Amino acid sequence: NYKGVNRFAVVVGNKIEKRATRRNALKRQMREAIKVLDQGITQNFDITLGTLRYPSWPLIQKDIITELAESFKQIGKR
């Protein structure tokens, strides 16, 4: 994008978690992790994040931040 900032979309499907409250909780925690990690990412990108596996409950914010940081590092290597 040409906005000068990154834009993120977070998607958690019904196959990952049937309960809307848990899907929304996961999305909220992913958005908070993105706020922490966004400073180290190159700007001007539109990024869509989706979950591929069932998360363990209760969610631990530090684990989410670690996994997103690893994903962003892999994206940067391409």
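Here are some numbered notes on a predicted model, for someone meeting the structure for the first time.

1. Ground rules. This is a predicted model, where local features need pLDDT of at least 70 and side-chain atom pairs count only at pLDDT 80 or more, while totals for chains, interfaces and linings use all residues. Residues are numbered from 1 along each chain as its sequence is written, and side-chain values use heavy atoms, with hydrogens and water left out.

2. The overall layout. The chain has two helices and two strands, arranged along the sequence as β-α-β-α. (Helices are DSSP runs of H or I with at least four residues, strands are runs of E with at least two, and both are numbered from the N terminus.) Along the principal axes, the C-alpha atoms fill a box of roughly 35 × 20 × 20 Å.

3. Surface and burial. Of the 78 residues, 29% are buried (buried is under 20% relative accessible area, exposed is over 50%, and partly exposed is in between).

4. Contacts along the sequence. Take the contacts in the chain with a separation of 6 or more: 80% of them join residues 24 or more positions apart. Contact here means heavy atoms within 4.5 Å.

5. The core. The largest nonpolar core has 15 residues, and L26, M30, I34, L49, I64, L68 and F72 have the most contacts inside it. Helix 1 (20-37), strand 2 and helix 2 each give two or more residues to this core, with helix 1 providing the largest share, five residues. (A nonpolar core is a set of buried Ala, Val, Leu, Ile, Met, Phe, Trp, Tyr and Cys residues joined through side-chain atoms within 4.5 Å.)

6. L49 sits in strand 2 and counts as buried because its relative accessible area is 9%. Leaving out residues up to four places away in sequence, L49 touches F8, A9, V10, V11, M30, I34, L68 and F72. L49 and V11 are 38 residues apart in sequence, yet 6.1 Å apart C-alpha to C-alpha.

7. The pocket. The largest pocket holds about 700 Å³ of space, and 24 residues line it, with M30, T51, R53, E67 and L68 nearest its centre. (On a 1 Å grid over the protein atoms alone, a pocket is an open set of points with protein on both sides within 12 Å along at least five of seven lines, and lining residues have an atom within 4 Å of a point. Its volume is the space filled by probe spheres set on the points, which are joined across faces, edges and corners.)

8. What lines the pocket. Helix 2 gives the largest share of the lining, eight residues. The lining divides into 13 nonpolar, six polar and five charged residues (Ala, Val, Leu, Ile, Met, Phe, Trp, Tyr, Cys and Pro are nonpolar, Asp, Glu, Lys and Arg charged, and the others, Gly among them, polar).

9. A loop residue. T51 lies in the loop between strand 2 (46-50) and helix 2 (61-77). Is T51 buried or exposed? T51 counts as buried, at 18% relative accessibility. Not counting residues up to four places away in sequence, T51 touches V11, V12, I16, L26 and M30.

Methods: Buried means under 20% relative accessible area, exposed over 50%, partly exposed in between (1.4 Å probe, protein chains only). On a 1 Å grid over the protein atoms alone, a cavity is a set of points where a 1.4 Å probe fits but cannot get out, and a pocket is an open set with protein on both sides within 12 Å along at least five of seven lines; lining residues have an atom within 4 Å of a point.
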